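Please read them with the coordinates open.

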Amino acid sequence: MDWEQRLSELWASFDDHSEEQFLSGMEQLVAELPADNAVGIFERAGSLDSTGHSDLAVPLYRRALELGLPGQRRRMAVIQMASSLRNIGHASESVALLTAERERESDDLDDAVSATLALALVDVGREREAVSVAVTALSRHMTRYRRSMANYAQLLSDHPST
């Protein structure tokens, strides 16, 4: 069984393990990769994050991104790091990261970027903008009222203090 498949199986069985067992399993998998492997560092960060250790995960996400984390994992690292930053009281940095990320490529993680940004915006006191971001993201999935909801979302962002 290849490394990615074993990784997928570990993540799929997350709820079947204690925190210690899961983290140990992740450490064993990551140990098979070179120490400076961006994917291994990212997965280790995610395992720490998923077990409630956002403070330990953030530096690892940063390192994985610095090393040039490839493909969709790069975007996942930004989302996960921004969420962790928010969790440890750095919501402003989270907003900045996610705002920049929205300007990058579009993919199936767009809604995750928007949802995480909306939460961070609430944390920095920009609730109307948060609702605008969330409604805009939801409107793209509506079969009816799409145009109306997108317009209402735009009005919220155009008039943030009203």
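**Notes on the helices, cores and rings**

1. The buried residues of α6 pack against α5 (71-87) and α7 (110-123). Buried is under 20% relative accessible area, exposed is over 50%, and partly exposed is in between (1.4 Å probe, protein chains only). Helices are DSSP runs (H or I, at least four residues), numbered from the N terminus.

2. A word on the basis. This is a predicted model, where local features need pLDDT of at least 70, side-chain atom pairs count only at pLDDT 80 or more, and totals for chains, interfaces and linings use all residues. Residues are numbered from 1 along each chain as its sequence is written, and side-chain values use heavy atoms, with hydrogens and water left out.

3. Which residues of α6 are buried? They are Ala-91, Ser-94, Val-95, Leu-98 and Glu-101. Seen down the axis of α6, these buried residues fall within an arc of 130 degrees, so they line one face of the helix. The arc is taken from the directions from the helix axis to the C-beta atoms.

4. The length of α6 (residues 91-102) checks out. Its 12 residues should span 16 Å at 1.5 Å a residue, and the end C-alpha atoms are 16 Å apart, which agrees. The expected span is 1.5 Å times one less than the number of residues.

5. The largest nonpolar core has 23 residues. Met-26, Phe-42, Tyr-61 and Leu-69 touch the most other members. At least two residues each come from α1 (3-12), α2 (19-30), α3 (38-50), α4 (54-66) and α5. The most come from α3, which gives 6 residues. Another core, of 12 residues, lies apart from this one; among its members are Ala-82, Val-113, Leu-117 and Ala-120. A nonpolar core is a set of buried Ala, Val, Leu, Ile, Met, Phe, Trp, Tyr and Cys residues joined through side-chain atoms within 4.5 Å.

6. Look at the surroundings of Tyr-61. Leaving aside neighbours within four places in sequence, Tyr-61 is in contact (heavy atoms within 4.5 Å) with Phe-42, Ala-45, Gly-46, Asp-49, Ala-77, Gln-80, Met-81 and Ser-84.

7. Now the rings. Rings of Phe, Tyr and Trp (its six-membered ring) pair if their centres lie within 6.5 Å; planes under 30 degrees apart count as stacked, over 60 as edge-to-face and the rest as tilted. By this rule there are 4 aromatic pairs. Phe-14 and Phe-22 form an edge-to-face pair, 4.7 Å centre to centre, with 75 degrees between the planes. Phe-14 is partly exposed at 24% relative accessibility, whereas Phe-22 is buried at 1%. Ring pairs link Trp-11, Phe-14 and Phe-22 into a cluster.

8. Ser-132 is in α8 (residues 127-139) and is buried, at 6% relative accessibility. Not counting residues up to four places away in sequence, Ser-132 touches Ala-153, Gln-154, Leu-156 and Ser-157. Thr-136 also lies in helix α8, but is partly exposed at 23%. Thr-136 and Ala-153 are 17 residues apart in sequence and 5.8 Å apart in space, C-alpha to C-alpha.

9. Please check Tyr-145. Tyr-145 lies in the loop between α8 and α9 (146-158). Tyr-145 is exposed, with a relative accessible area of 57%. Its phi is near 70 degrees, a positive value in a residue other than glycine. Most residues other than glycine have a negative phi. The charged end of Arg-144 sits over the ring of Tyr-145, 5.7 Å from its centre. The criterion is NZ of Lys or CZ of Arg within 6 Å of the ring centre and within 35 degrees of the ring normal.
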